[in-house]
Amino acid sequence: MPFFAYICQRNKNTIVKWGTTTSLSIFVKLDINNYLVRLASGDVSAFEAVFRQYYPRVRAFALGLTKEASDADDIAQQVFVKLWTHRSQLVAVRNLDAYLFKTARNTFLDYIRSRKKNLVIERIDDGMCLPDSASPFEDLECEELRLLVDMVVETMPPKRQAVYRMSREQGLNLEEVSKALSISKKTAENHLNLALRKLRKIVYLFLLIVNNLGVF
């Protein structure tokens, strides 16, 4: 059983109980500096103590960001996985609350970026419009992405470009595309797969650049 799954199982009843209370008075006051030193050296009991005290608060913080219980669970668990994975760095931490909540916030942002990237790629695969944006800045970003997709399609070989546009822009199925272009259905399918593969790579690079610039 993975280490974190073991910790969750071992503390399951306590986590459930604490996760449903609105009072923080149940927490036992820890000597955080002492526990961080022990945790940094790989002390499992120190990790469990920190986990039991902070997990409900980190999950509540994540729930406020995601509004979804299952997503909050995932983010909170990732925070403590990172806490254990990078435990050697904890000797330099002076404020564990700030450290955990910053980790939760960054994990949430990674989650949003991943969802947005996957949604864009899924919509390209499905031949749908890009997702509606929520701000003028994102309007510009989405328009740039639409132009980029169109430019990439324009660089494709004529037959592949025709297959893509007929399938994704006109909504024809592969049987109809193959008949219209006088090619086999398998050839049409190969052209479409190659077109989508190229678009996925370009879109991924675009989103990677935008993310690194802090747009999302």
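What percentage of the 216 residues of the protein chain count as buried? In this predicted model, the share is 36%, where buried denotes under 20% relative accessible area, exposed over 50%, and partly exposed the range in between (1.4 Å probe, protein chains only). The model is predicted, with local features requiring pLDDT of at least 70 and side-chain atom pairs counting only at pLDDT 80 or more, while totals for chains, interfaces and linings use all residues. Residues are numbered from 1 along each chain as its sequence is written, and side-chain values use heavy atoms, with hydrogens and water left out.

The protein chain contains ten helices and zero strands, assigned as DSSP runs numbered from the N terminus (helices, H or I, at least four residues; strands, E, at least two). Of the contacts (heavy atoms within 4.5 Å) between residues at least 6 apart in sequence, 63% join residues at least 24 apart.

The largest nonpolar core comprises 27 residues; such a core is a set of buried Ala, Val, Leu, Ile, Met, Phe, Trp, Tyr and Cys residues joined through side-chain atoms within 4.5 Å. Within this core, F80, L83 and L96 touch the most other members. At least two residues of the core are supplied by each of α3 (32-40), α4 (44-66), α5 (69-85) and α6 (96-126), and α4 gives the most, with nine residues. Apart from neighbours within four places in sequence, L83 contacts L39, F47, V50, L90, L96, Y99 and L100. A second, separate core of 18 residues includes M156, M166, V203 and F206.
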